[in-house]
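Please read the following report alongside the sequence and the three-dimensional view.

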Amino acid sequence: MANLPQELIYEILLWFPVKSLLRFRCVSKSFCAIIGSQSFINSHFKRSSENKIHPKLIELGVHRLGNNRCIFHALDFNEDFQPELVLYKSFPSMPYPSFFSYCNGLVLLCIWPCELCLWNPSTRKYRILPAFPVNATVDFKYHNFVLGYDSTTDDFKVVAFMWKVGCGLTQVWIFELRSNCWRRIQDFPYVGYNCIKLGGNGDCFVDGSLHFICYVRGEYKSYEIVAFDVAKETFSIVHKLAFQTEGIPIHLHVLGGCLSISFFSESSEECVDIYARKKDGDGFTWTRLHSVTRQFSGEAFDLFVQGKVAYSKKGDKAFLSSKGKLCSYDFGDKTLQEIVSNSNILSVEILLCTESLVPIGSLDEEE
């Protein structure tokens, strides 16, 4: 390796998983400099994301043994779903945290009642964010926090939506990772944020924007998708959901890199239809990719309705966890395959993320 050009070493290292790269930093000063550079961190995530390699499936659960301990399982697997348990974690700030959002390798957690934490499950680093400027649990009836990435400044932003009864406005606050402080921006300009359909990846980050489903004011069973441009910090309506009249839009997610949406329908038989938005010239078209029915899916169907599933990078499978079993659901043959089972864990939430080396200026997790 010593005789190889730096450019070639750089390209070779891009294909390794984060776990290996963290060890390689000890090889030499030049290796450490390459792996720690911002250009390499960005290129590594882009390569892993575009080529759908090094996926990590994360399961958040509560221990059944009566100690109310919160457990994180992160599984690295190949196409045959041979898992390797790489995390067994209880955050020191209890009670247990919950997933709020995921973006570009980082996970936003909320530790009850309202303490926010950014976590990189690949490097096992976390960072407790500064206290929110107002008392979210007292001053506001509803609050939600989402995570986005600003490519123009190479910085992550946490967006907070705060709404209270009797007030028509929804406050919007921004936390920038680099500046480490909160600031208030324009209020949410559409129907109150309490009307936004939440659940699953309901805040999904695609093409530089966070997306939400909102009711259309004054129109019966009419919905629209609102986007928040993370760089410009502006809201806009990007789609009127007029192409699906029978179903109710329930969740947004990402399938194959595309913005996707699930509809729940009770007509004839209960089903969840999944559509994906794809480029069509200067605009977009929506195409139905999958239909999941209770008849074929059994108890897994309820998890699709609740949004408690994670979708594979290729969009051909969904992952779900119930009753201590982590399973994959194949949309093609409509079969449920068990990946791993742990009867002592009551699963709470699940997500699939791409590995990332992104630093967050944080503490090491305590094992």
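Strand β17 (residues 258-265) is largely enclosed by the rest of the structure, because eight of its eight residues are buried; buried here means under 20% relative accessible area, exposed means over 50%, and partly exposed lies in between, with a 1.4 Å probe and protein chains only. The burial applies to both faces of β17, with Cys258, Ser260, Ser262 and Phe264 on one side and Leu259, Ile261, Phe263 and Ser265 on the other. This is a predicted model, in which local features need pLDDT of at least 70 and side-chain atom pairs count only at pLDDT 80 or more, while totals for chains, interfaces and linings use all residues. Residues are numbered from 1 along each chain as its sequence is written, and side-chain values use heavy atoms, with hydrogens and water left out.

Strands are DSSP runs of E with at least two residues, helices are runs of H or I with at least four, and both are numbered from the N terminus; two strands pair if DSSP finds at least two bridges between them. Strand β16 (residues 248-255) pairs with β17 in the antiparallel sense over seven bridges, and Ile248 has Phe264 as its bridge partner in β17. The two strands form a hairpin with two residues between them, and Gly256 in the turn has a positive phi of about 60 degrees. Strand β18 (residues 271-280) is also antiparallel to β17, with six bridges between them, and here Ser260 stands opposite Ala276.

Elsewhere, an open sheet is built from four strands in the order β12-β13-β14-β15, with antiparallel pairing. Its edge strands, β12 (205-206) and β15 (234-240), each pair on one side only. Strand β14 (residues 223-229) is joined to β15 by six bridges, and Ala227 lies opposite Ser236 of β15.

The loop between β14 and β15 also holds Glu233, which pairs with Arg183 of strand β11 (residues 181-184), 50 residues away in the chain. Side chains of opposite charge can pair when their charged atoms come close. A search of the whole structure finds 12 salt bridges, a salt bridge being a side-chain nitrogen of Lys or Arg within 4 Å of a carboxyl oxygen of Asp or Glu; the table gives three of them.

| Salt bridge | N to O distance |
|---|---|
| Arg183 and Glu233 | 2.5 Å |
| Glu176 and Arg183 | 3.4 Å |
| Asp330 and Lys317 | 3.7 Å |

Arg183 is partly exposed, with a relative accessible area of 28%, whereas Glu233 is buried, at 14%. Lys317 also counts as buried, at 19% relative accessibility. The pair of Asp330 in strand β22 (residues 325-330) and Lys317 in strand β21 (residues 317-322) links parts of the chain 13 residues apart. Salt bridges that share partners join Asp150, Lys157, Glu176, Arg183 and Glu233 into one network.

Helix α4 (residues 38-50) has 13 residues and should span 18 Å at 1.5 Å a residue, which agrees with the 18 Å between its end C-alpha atoms; the expected span is 1.5 Å times one less than the number of residues. Within α4, the residues Phe40, Ile41, His44, Phe45, Arg47 and Ser48 are buried. They lie on the same side of α4 because they cover an arc of only 165 degrees around the axis, the arc being that of the directions from the helix axis to the C-beta atoms. Just after α4, Lys52 takes a positive phi of about 55 degrees.
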